[in-house]
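I opened a notebook to keep track of what I looked up in one structure.

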Amino acid sequence: MNISLDLIEDKIEFFEADDLQTLEKKINEQIEHNKALLLHVHHVSHQMQVAENGKRFYSAVVHFKAKK
């Protein structure tokens, strides 16, 4: 039996929500999960889009990197 353990060095995750508070909550939960993998937030990019009916939609991309 051959077991290989590789360290995750980079991880990019995408998030979306109908409001900013929910988006922030989703990102914060994933930050806590990724701490167990020894990853920290390297960069965050976010956008807000307004639909024709006026409803707002929020999205974010979070780049996690290994702590060195």
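**Entry 1: the pocket.** Which element gives the most to the lining of the largest pocket? I looked it up in the model, which is a predicted one. Helix α1 gives the most, with five residues. I noted that α1, β2 and β3 each supply at least two residues of that lining. The lining includes Leu20, Leu23, Glu24, Ile27 and Ile31. I also wrote down Val41, Val44, His46, Gln47, Tyr58, Ser59 and Val62 as lining residues. The volume of this largest pocket comes to about 180 Å³.

**Entry 2: the sheet.** Next I wanted the order of the strands. The model has an open sheet of three strands, in the order β1-β3-β2, and the pairing is antiparallel. β1 and β2 are the edge strands, since each of them pairs on one side only. From one strand to the next, the twist averages 15°.

I then went through the pairs. Strand β1 covers residues 10-17 and strand β3 covers residues 56-66; they are joined antiparallel by eight bridges. In this pair, I found Glu13 opposite Val62 of β3. Strand β2, residues 39-50, also pairs with β3 in the antiparallel sense, over 11 bridges.

Entry 3: Where does helix α1 lie? I found that α1, residues 20-35, lies across β1, β2 and β3. Its direction is at about 155° to β1.

**Entry 4: the core.** I listed the largest nonpolar core, which has 10 residues in all. Among them are Phe15, Ala17, Leu23, Ile27 and Leu39. Tyr58, Ala60, Val62, Phe64 and Ala66 belong to it as well. β1, α1 and β3 are the elements that give two or more residues to this core. The largest share, five residues, comes from β3.

Setting aside residues up to four places away in sequence, Ala60 touches Glu13, Phe14, Phe15, Leu23, Ile27, Ser45 and His46.

**Entry 5: two single residues.** Is Gln30 buried or exposed? Gln30 sits in helix α1. I count Gln30 as buried because its relative accessible area is 18%, and the cut-off for buried is under 20%. Apart from neighbours within four places in sequence, Gln30 is in contact with Lys11, Glu13 and Phe15.

I looked at Leu38 for contrast. Leu38 is in the loop between α1 and β2. Its relative accessibility is 52%, so Leu38 counts as exposed; the cut-off for exposed is over 50%. I also noted that Leu38 has a positive phi of about 60°, although Leu38 is not a glycine.

Terms used: Residues numbered from 1 in each chain as written. Predicted model: local features only at pLDDT ≥ 70, side-chain atom pairs only at ≥ 80, totals over all residues. Heavy atoms only, no water. Pairing = 2+ DSSP bridges. Helix = DSSP H or I, 4+ residues; strand = E, 2+ residues; numbered from the N terminus. Axes fitted to C-alpha atoms, helices over the stretch in contact; angles between N-to-C directions. Contact = heavy atoms within 4.5 Å. Core = buried A, V, L, I, M, F, W, Y, C linked by side-chain atoms within 4.5 Å. Buried < 20%, exposed > 50% of the residue type's maximum accessible area, 1.4 Å probe, protein only. 1 Å grid on protein atoms, 1.4 Å probe; cavity = no way out; pocket = protein on both sides within 12 Å on 5 of 7 lines; lining within 4 Å. Points joined across faces, edges and corners; volume = space filled by probe spheres on them.
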